[in-house]
Amino acid sequence: MDIIETENKHTSGLYTKQPIIFVRGQGALLWDTDGNEYIDCAAGHGVANLGHAHPKVAAAIAEQSTQLVTLFETFYNDKRAALMDKITTLVPGLDKVFFCNSGTEAVEAALKFARVSTGRTNIIAAMRGFHGRTLGALSATYNKKYKEAFEPLVPGFSHVAYNNIAALEGAVTDQVAAVILEAVQGEGGVYPADPAYLQAARRICTDQGTLLIIDEIQAGLGRTGKMFAFQHSGITPDIVCIAKSLAGGLPMGAVLFGDSVKNLAPGLHGSTFGGNPLACAAAVAALTAIQEEDLPGQAAAKGAYLMEELKSIESPLIREVRGLGLMVGIELKQKVAPYLQALQDRHIIALNAGLTTLRLLPPLVITREQLDRVVAALTEVLK
Ligand SMILES: Cc1ncc(COP(=O)(O)O)c(C=O)c1O
């Protein structure tokens, strides 16, 4: 079987394909069918915070797959209880959790919870924000390119400038169910929130009886140097959306919330696969490893090092280097696509964030030596 030919023949057409066949990963490295080694600074769009083939996650998945893979939340389960116990310690005050299977589903649930809890319909989101591709989450997403083909979307959504306190203050009235924000905007170009902005968002939402939803799907679980990126601001949201690296690479999403979310009754929302024992076992192993290996601390230290190295690259092409921890954007003065290709030719896989920002989301276990190789390749490509 010719793998590329087969995928090209049957693919939905929704993805721009790169002609590399990856078959194995370990830590921050990937290997193709010819045994060529690549450094993975995309990490499956920020999924592989723990790196590829983490032994403890692999062992948990293997073990649980021999016990029980599927079980609806109607019945109790040891692994689900263990995960509930663990995940609800991450944000003091948020001691309830809904499990689903992806980021967009976590956002979808959060939006529904906010509407039913407040009895209001309006949602405020941010310009440049990205929250997923199902119709509710897509309505909260800003970029027209993801939305136009699917309109009309869900009514009641509006967007305000990010990091602009006055704009938020003007938009949030007592008719607004929720404000949804990323603590670091990822797809929109890697823009961290000012701590003062999130603190103001917290105050404004509390004043209006509006729920504050923070989307930590990309920035969460250690990537920015803290377990959650909003923790750089010292706030407590009403609802936190988590996905990507939660189950160490298995599909899983979660919505954390506390007493400010009301009126959730049996049957109002749900998910067939949500909270299945396999994903829960993987997530317990992943969260334990994130804590035991101090991945937030590793991301803070390595991110600071990487940022310093990147800022010292002298290149007329670079407009700005920004980010938090190991969530890094290099904004260029021109389109980023040829530079991503040039990096790929040097066996570094990276991402874009919009047309002109090159994004690095490496596994948090990436080594200094691997980071140095990334910086050397970037220096060469951007010279
Ligand atoms: C901030 C944010 N929210 C939501 C999503 C959607 O997640 P998923 O692709 O798992 O549906 C993403 C995906 O990139 C994201 O970065």
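**Close-up views of a predicted model**

**View 1. Helix H10 spans residues 277–292.** This helix has 16 residues. From its first C-alpha to its last, H10 reaches 22 Å. That is close to the 22 Å expected at 1.5 Å a residue. The model shown here and in the other views is predicted. H10 is mostly covered, with 13 of its 16 residues buried. Asp294 follows the helix, and its phi is positive, near 45 degrees.

**View 2. Twelve names to find: the residues around the ligand.** Start with Ser102, Gly103 and Thr104, which are among the residues surrounding the ligand. Phe130, His131 and Gly132 also belong to this group. So do Glu182, Glu187, Asp215, Ile217, Gln218 and Lys244. Now look at the polar atoms. A polar backbone atom of Gly103 is 2.8 Å from an oxygen atom of the ligand. For Lys244, a polar side-chain atom lies 2.9 Å from an oxygen atom of the ligand. A nitrogen atom of the ligand is 3.4 Å from a polar backbone atom of Phe130.

**View 3. The second largest pocket is lined by 19 residues.** Its volume is about 540 Å³. Nearest the centre of this pocket lie Glu73, Phe98, Ala265, His269 and Gly270. Strand S4, residues 96–100, gives the most to the lining, with four residues. What kinds of residues make up the lining of this pocket? Eleven are nonpolar, six are polar and two are charged. Rolling a probe the size of a water molecule over the atoms shows where empty space is left.

**View 4. Leu326 sits in a loop between two strands.** Strand S13 (318–324) lies on one side of this loop in the chain, and strand S14 (327–332) on the other. Is Leu326 buried or exposed? Leu326 counts as buried because its relative accessibility is 0%. Ala299 is 27 residues from Leu326 in sequence. In space, their C-alpha atoms are 5.4 Å apart.

**View 5. Ile61 belongs to helix H3.** The helix covers residues 55–65. Ile61 has a relative accessible area of 23%, so this residue is partly exposed. Tyr191 is 130 residues from Ile61 along the chain. The C-alpha atoms of Ile61 and Tyr191 are separated by 35 Å.

Notes
Residues numbered from 1 in each chain as written. Predicted model: local features only at pLDDT ≥ 70, side-chain atom pairs only at ≥ 80, totals over all residues. Heavy atoms only, no water. 1 Å grid on protein atoms, 1.4 Å probe; cavity = no way out; pocket = protein on both sides within 12 Å on 5 of 7 lines; lining within 4 Å. Points joined across faces, edges and corners; volume = space filled by probe spheres on them. Nonpolar A, V, L, I, M, F, W, Y, C, P; charged D, E, K, R; others polar. Expected span 1.5 Å × (residues − 1). Buried < 20%, exposed > 50% of the residue type's maximum accessible area, 1.4 Å probe, protein only. Near = heavy atom within 4 Å. Polar contact = N/O pair within 3.5 Å; in protein donor to acceptor, adjacent residues only side chain to side chain.
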